[in-house]
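Subject: Handover of a structure

Dear colleague,

Please find below the structure that I am handing over to you.

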Amino acid sequence: MQAKSLIAALFAITAATSAFAQSAAPATTGQQLSREQVTAEYVRARNAGEIATSEIDYPKTPATAASQVTREQVMAEFYAARKAGLIPQTEADFDVAQTAKHVVQ
């Protein structure tokens, strides 16, 4: 059991690092950069604030627009839809075919 967990963890780490390696790759310019050039570019980008150095630097989630309806109005709509049978209560009420048709539209 422990071997399976270890293999799954290694696979997840490999997949994650592969994704980062592909997305962070710079555009190819056709020339090989020296270590000093890469270091200088990194220092320039870090000083310009182009590289996140901590959790604080990562982009925040976008702000949402202010709602035009009150909480009470939303709850009233929900209760009306539930009373009309538009919201499934149990698995037996859930119509997969109807949901698929709704998603496709």
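What percentage of the 105 residues in the chain do buried residues make up? The share is 2%. Please note that this is a predicted model, and the buried share is therefore a computed value that counts residues under 20% relative accessible area. The accessible surface of the chain comes to about 10100 Å², and carbon and sulfur atoms account for 61% of that surface.

As to the fold, the chain contains four helices and zero strands. Read from the N terminus, its elements follow the order α-α-α-α.

Confidence should be considered next. The chain has a mean pLDDT of 75, with 59% of its residues at 70 or more. Helix α3 (residues 71-83) has the highest confidence, at a mean of 93, whereas helix α4 (residues 96-104) has the lowest, at 59. Where pLDDT is low, predicted coordinates should not be read in detail.

Helix α3 has 13 residues and spans 18 Å from its first C-alpha to its last, close to the 18 Å expected at 1.5 Å a residue. Just after α3, G85 adopts a positive phi of about 85°.

A nonpolar patch on the surface is formed by M75, F78 and Y79, which together have about 260 Å² of accessible area. Of these residues, Y79 is found in helix α3. Y79 counts as partly exposed because its relative accessibility is 44%, which lies between the cut-offs of 20% for buried and 50% for exposed.

With kind regards

Notes
Residues are numbered from 1 along each chain as its sequence is written. This is a predicted model: local features need pLDDT of at least 70, side-chain atom pairs count only at pLDDT 80 or more; totals for chains, interfaces and linings use all residues. Side-chain values use heavy atoms; hydrogens and water are left out. Helices (H or I, at least four residues) and strands (E, at least two) are DSSP runs, numbered from the N terminus. Buried means under 20% relative accessible area, exposed over 50%, partly exposed in between (1.4 Å probe, protein chains only). Accessible areas come from the Shrake-Rupley method with a 1.4 Å probe; for residues, only the protein chains shown count as cover. pLDDT is the predictor's confidence in each residue, from 0 to 100. The expected span of a helix is 1.5 Å times one less than its number of residues. Patches are made of residues with over 30% relative accessible area and no salt bridge: like charges are joined within 9 Å, nonpolar side chains (Val, Leu, Ile, Met, Phe, Trp, Tyr) within 5 Å. A salt bridge is a side-chain nitrogen of Lys or Arg within 4 Å of a carboxyl oxygen of Asp or Glu.
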